[in-house]
Amino acid sequence: MMDSVALSCKDSTSWQGLLLTVSLLTCWLIPTTTQITIESVPPIAVEGENVLLFVHNLPENVKALSWYTGVKPLKNCEIASHVIATNSTVVGPAHSGRETVLKNGSLLIKSTTRKDSGYYTLQILDTTSRPELIRAEFFVHSPLLGYKKHLAPSQLTIKLVPSRVEENDNILLQVYHLPQKLQGFAWHKGVLPLDHFKIASHSFLTHSTMLGSAYQDRVIICNDGTLVLLNVTQNDTGLYTFRTISVDLKSEWDILDLQVNKPGSWASPNLRPTSKPWTFSKSRRRAADMCDSSITSVTIQNK
């Protein structure tokens, strides 16, 4: 966070001696039928990695939400406010340029530093106009035994091509700045690396790729990690996570938030890219051509 904000919004003295690795404690203030909780993904990280404060059980009647540094929803400590209906975000004084509020209310903090340690408060406003507060706390430590320090903040990035997507489009989740000397990488739907959410994984050691059974006819994997997703539907809307693991067991990751729109939902026809729909057989060849070289050795994962 910005130094001027950190001093007024956090108790800087309480973090002395806590020098790098990220873990999370959660608490909630107002009991509800389904508890709203926040967890850190990943639960352990090192300086320079991205951390996602993932919101569980966000009610459907939430109209707006705001994230703050510290334990109180003070205006000068506001990171960003987000309106659900319009999917619009306004950044606040405590925004450092590294935070992104996702549509599900979660907060993504990129390239974490020691100064990010402390409490974070999520305030939600529902249709009853009754605010509710949920607090989370994470710590940033120095590299400890068994953890490896990044020499520089991670530059791994995912970008969506095209930037706006409609049903039946073929899209690229384009990977930039893939780290060197990798054992492999993996794509998952959502933020948790669970096997049943796996889209694909690739091993550079064995030169083999494994696809999740739900995606075997719909994806192409490129050697640079880029994911080609064919004939998308609104069911494909959601978070996508790309993770890498290096030969020295260092992990990096990034998250992309994909929104698939209904056909004809563009504000102006002039904004819609002019491209003919691809048939499945042709789309795989054309999509593969977008990769420098697509990975062709594929094993289908058995469920």
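His 82 stands opposite Thr 89 in strand 6. Four bridges connect strand 6 (residues 88-91) with strand 5, and the two run antiparallel. A strand here is a DSSP run of E with at least two residues, a helix would be a run of H or I with at least four, and both are numbered from the N terminus. Two strands count as paired if DSSP finds at least two bridges between them. The hairpin of strand 5 and strand 6 has four residues between the strands, and Asn 87 takes a positive phi near 50 degrees there.

Strand 5 (residues 78-83) also pairs with strand 4 (residues 62-69), in the antiparallel sense and over five bridges. Ala 80 in strand 5 is the bridge partner of Trp 67.

## Basis of the model

The model is predicted: local features need pLDDT of at least 70, side-chain atom pairs count only at pLDDT 80 or more, and totals for chains, interfaces and linings use all residues. Residues are numbered from 1 along each chain as its sequence is written, and side-chain values use heavy atoms, with hydrogens and water left out.

Strands of a sheet pair through backbone hydrogen bonds, either parallel or antiparallel. An open sheet of four strands shows antiparallel pairing in the order 11-13-18-17. Its edge strands, strand 11 (157-161) and strand 17 (219-221), each pair on one side only. On average, neighbouring strands of this sheet are turned by 15 degrees against each other, direction ignored. Axes are lines fitted to C-alpha atoms, for helices over the stretch in contact, and angles run from 0 to 180 degrees between N-to-C directions.

Strand 13 (residues 171-176) pairs with strand 18 (residues 227-229) over three bridges in the antiparallel sense. Val 228 in strand 18 is the bridge partner of Leu 172.
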